[in-house]
Amino acid sequence: MTIKDLKPTLVWEIFDEITKIPRPSKKEEKIRQYLLDFAAKHNLAVKTDPIGNVVMTRPATPGHEDAPTIILQGHMDMVCESNKPFDFDNNPITTIIDGDWVHADGTTLGADNGIGMAAAMAALIDPEIVCGPIEALFTMDEETGMTGANNLGEGMISGDILLNLDSEDDGQIFIGCAGGVDTVCTFNYKRSLAPVDFTYLKIAVSGGLGGHSGGDIHLGHANANKLLTRFLWEQSQKHEINLVEIDGGNLRNAIPRAAHAVFGINPGHKHQLVADFNDYCARVANEYQGLETTLKIELESAEKPEYVIDAATSVNIVRAIYSAPHGVVSMSRELEGLVETSTNLASVKMKGNDEIVVTTSQRSSVDSRKWDIANQVEAHFQLAGAKVEHGEGYPGWQPNMNSRIMHIIGDAYTELYGEKPIITAIHAGLECGLLLETYPNLDMASFGPTLRGVHSPSERMQISTVARFWDQLKLILKKVADLKK
């Protein structure tokens, strides 16, 4: 059985097509063309804007022309993370069915937000759906900057109700989200000739769970950058360490799963360092017992390099990354169990022969606290000698407990499944806050099927909840169709 054989057939068939189309962030040309071809095939009105967003429309079912226009919204791009070499620019995603779950073969699945796209597209063409006018908005580059939502063209949408289809928990309705900002810290370094009498080693952390830096930040997953520099810092307190290279993490919105460093030490200290390394691995294994079951930390010999990072920067970068804040900063007092503020020490990259760039991201549902933790990160890295810059950021989405569409979604869920859904907010960033800035009268809510491990190769989607998601969406469209503008 393949995912095309799953029910609801139309949704899974479209999702299967989407998995075959490369769509990394900022490289959405192929998926955008797929959307335009889909519109042409099904005689749907379609328009695009200069930034690359796409809107398709479906007219109302006869007799429901006076119903409010409803916007179905999702994003085109996907997070590209893999446990193996994989060409996300050209290769399709391979999907695997495992009981009630579907996942990819060693890569991210792209259900974030491919399933939202698939449901919206199915709603545009399913002849059995009763609906008022539908606008399906597909935004580009959500994962690395929300560029599409931030630059939505004038007149692209006209509806007053928006359903964001980018949530990850069946039985929950999201009516708020955190805002976020990136903080990028750049170290300038000089190259020094590598000591000829030193021994060189490579330490590598791999196999971490990683995950979404918003939705998974409270789970306590290991940060590979922190584990790497923790060992290096411990050794620097005993021995002279010459750092040759350092690299860890990839995306600003993913908890780093892997990192490595090459460093040199006096050969006379190697025996003690290896003993310390074995002790370190045992400590880490004990700390993450039962959680990080595939985490590996390895030490091996490395070739003697021509150059090393200058001593001062080597010390500063290890100290700064090891001591930098990461994880949950505070919990919400309004919504039990919801993270209010967090920071993610996302990636460390060497650029050319003179820069090391540390990328971090901060989130909070309270704007002033978002900037407070961002400024704390700035101050921290400034003390280590880095140049620090903040991105433009994106706003949070303040919950509206009087939302009409929230109640409609809740009523639909209760009618279908005999229980009330949870009304909550999400610590991850959704595009709703940006869309609300441009269209302040939008009544919006977000829902979706159950996804786990998003932004990591362990991303998976619960098959049974996709059918529930689809049935819920159809009933919501019917209830909105029965309303009057």
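**Pocket, cavities and selected residues of the predicted model**

Strand β20 contributes 4 residues to the lining of the largest pocket, the largest share of that lining; strands (E, at least two residues) and helices (H or I, at least four) are DSSP runs, numbered from the N terminus. The structure is a predicted model, in which local features need pLDDT of at least 70, side-chain atom pairs count only at pLDDT 80 or more, and totals for chains, interfaces and linings use all residues. Residues are numbered from 1 along each chain as its sequence is written, and side-chain values use heavy atoms, with hydrogens and water left out.

The protein comprises 11 helices and 23 strands. Along the principal axes, the C-alpha atoms fill a box of roughly 85 × 50 × 45 Å. Of the 485 residues, 58% are buried (under 20% relative accessible area, with exposed over 50% and partly exposed in between; 1.4 Å probe, protein chains only). Among contacts with a separation of 6 or more, 80% join residues 24 or more positions apart, a contact being heavy atoms within 4.5 Å.

Next come the empty spaces. Rolling a probe the size of a water molecule over the atoms shows where empty space is left. On a 1 Å grid over the protein atoms alone, a cavity is a set of points where a 1.4 Å probe fits but cannot get out, while a pocket is an open set with protein on both sides within 12 Å along at least five of seven lines; lining residues have an atom within 4 Å of a point. Grid points are joined across faces, edges and corners, and a volume is the space filled by probe spheres set on the points.

The largest pocket has a volume of about 600 Å³. It is lined by 30 residues, with Asp 169, Gly 215, Asp 216, His 218 and Leu 219 nearest its centre. At least two lining residues come from each of β8 (172-177), β20 (422-426) and β22 (451-452). By class, this lining holds 10 nonpolar, 14 polar and 6 charged residues (Ala, Val, Leu, Ile, Met, Phe, Trp, Tyr, Cys and Pro are nonpolar; Asp, Glu, Lys and Arg are charged; the others, Gly among them, are polar).

There are 3 cavities of 30 Å³ or more, and the largest cavity has a volume of about 140 Å³. Its lining has 17 residues, of which Glu 142, Glu 143, His 212, Ala 428 and Gly 429 are closest to the centre. The lining of the largest cavity divides into 5 nonpolar, 5 polar and 7 charged residues.

Arg 252, in the loop between β12 (242-248) and β13 (259-265), is buried at 13% relative accessible area. Beyond its neighbours within four places in sequence, the contacts of Arg 252 include Glu 142, Glu 143, Asp 182 and Ser 213.

Leu 295 sits in the loop between α6 (270-287) and β14 (296-301) and is buried, with a relative accessible area of 18%. The C-alpha atoms of Leu 295 and Glu 142 are separated by 29 Å. Thr 313, in helix α7 (residues 311-323), is buried at 8%.
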